[in-house]
Amino acid sequence: MAKTILITGGSSGIGKAIGEYLSSKNYKVYGTSRNPKQEKFNDNFHLVALDVSDVNSIEKAVNFILEKEGKIDILINNAGIGITGPVEETPIEEIKKAFDTNFFGLLNVCKGVLPSMRKQRDGIIINVSSIAGYMGLPYRGVYSATKGAVSLITEAMSMEVKQFGIKMVDVAPGDFVTNIAAGRYHTPVFKGSDYEQKYGEVLRQIDEEVDTGSDPILMAKAVHQIIENKNPKIHYKVGVFMQKFSIVLKRILPDRMYEKLLMNHYKL
């Protein structure tokens, strides 16, 4: 019997790429969007309405899938938003919004599917964090913080739910060509601000790196391998060599030396 997969943020970008790839491998896939413009991409890849910040919306979507399929075998928590800006100048309301989607929203969906997974004594929850979550990046500090929190909560939950036969996995992508920049909250580059020049330059560099990022199909294939693995690791990194190597360098270099490398990369 085909396994059922729920992917949050499945209507575009990485989520859509994962959904299309897994549906071609005969998984039954349900992607989500706050306002889906269509009902399905193909016979194995349907879209349902779900807002990760709305518990009622999550409950409704989860119950709909359970009624249709009888189970949810795999949850892929992919929904997320970007945010840039000097921490000092980023409105606290926007910081809270980023955490509401990237961290609390992810937890809401975990809580929504865990009861059925516990009942069936089986399941995989894959949380999509980011390589940016392994380090505090300049002018992306809030985003780094949300994704770092995802990585740590995944580690903790892994130990809690193992007794129920449920596996928790954290997948950290690097830069991929998606539309995240279009939906990202940008703190304005304020004229006359002490951050104006440096932030403006880094913002341009960030957008260039997203535009020249990897093909999301690499994430789709990585997720497929994780699902097929009977004993997956807790942490996976998906991206070009230097992005993954940056995590290794952070582990072995003195803090200030690593900070200098990052500052040189961003020309700070």
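Asp73 counts as buried in this predicted model, at 8% relative accessibility, because the limit for that class is under 20%. The side chain of Asp73 meets that of Lys71 in a salt bridge, with N and O 2.5 Å apart. Lys71 is likewise buried, with a relative accessible area of 16%.

- Side chains of opposite charge can pair when their charged atoms come close.
- Glu69 forms a salt bridge with Lys28, in which the closest N and O atoms lie 3.2 Å apart. This pair links distant parts of the chain, since Glu69 belongs to helix α2 and Lys28 to strand β2, 41 residues apart.
- Glu259 and Arg256 also form a salt bridge, at 3.0 Å from N to O. Both residues lie in helix α9 (residues 255-265), three residues apart, which is about one turn of the helix.
- Arg256 is exposed, with a relative accessible area of 63%, whereas Glu259 counts as partly exposed at 35%.

- Glu69 is part of helix α2, which covers residues 55-69.
- With a relative accessible area of 17%, Glu69 is buried, because the class requires a value under 20%.
- A polar contact of 2.6 Å joins the side chain of Glu69 to that of Tyr30.
- Leaving aside residues up to four places away in sequence, Glu69 touches Met1, Thr4, Lys28 and Tyr30.

- Strand β1 pairs with strand β2 (residues 28-33) in the parallel sense over four bridges. The bridge partner of Leu6 in β2 is Tyr30, a residue whose side chain also makes the polar contact with Glu69.
- Strand β1 also runs parallel to strand β5 (residues 74-77), to which three bridges join it. Within β5, Ile76 is the bridge partner of Ile7.
- Strand β1, helix α1 (residues 13-24) and strand β2 together make a right-handed β-α-β unit.

**Phe241**

- Phe241 is found in helix α8, which covers residues 241-252.
- At 58% relative accessibility, Phe241 counts as exposed, because that class begins over 50%.
- Phe241 and Thr4 are 237 residues apart along the chain, and their C-alpha atoms are separated by 32 Å.

Note on methods: Residues are numbered from 1 along each chain as its sequence is written. This is a predicted model: local features need pLDDT of at least 70, side-chain atom pairs count only at pLDDT 80 or more; totals for chains, interfaces and linings use all residues. Side-chain values use heavy atoms; hydrogens and water are left out. Helices (H or I, at least four residues) and strands (E, at least two) are DSSP runs, numbered from the N terminus. Buried means under 20% relative accessible area, exposed over 50%, partly exposed in between (1.4 Å probe, protein chains only). A polar contact is a pair of N or O atoms within 3.5 Å; within protein, one must be able to donate a hydrogen and the other to accept it, and residues adjacent in sequence count only if both atoms are side-chain atoms. Contact means heavy atoms within 4.5 Å. Two strands pair if DSSP finds at least two bridges between them. A crossover is right-handed if, with the strands pointing away from the viewer, the path from the first strand over the helix to the second runs clockwise. A salt bridge is a side-chain nitrogen of Lys or Arg within 4 Å of a carboxyl oxygen of Asp or Glu.
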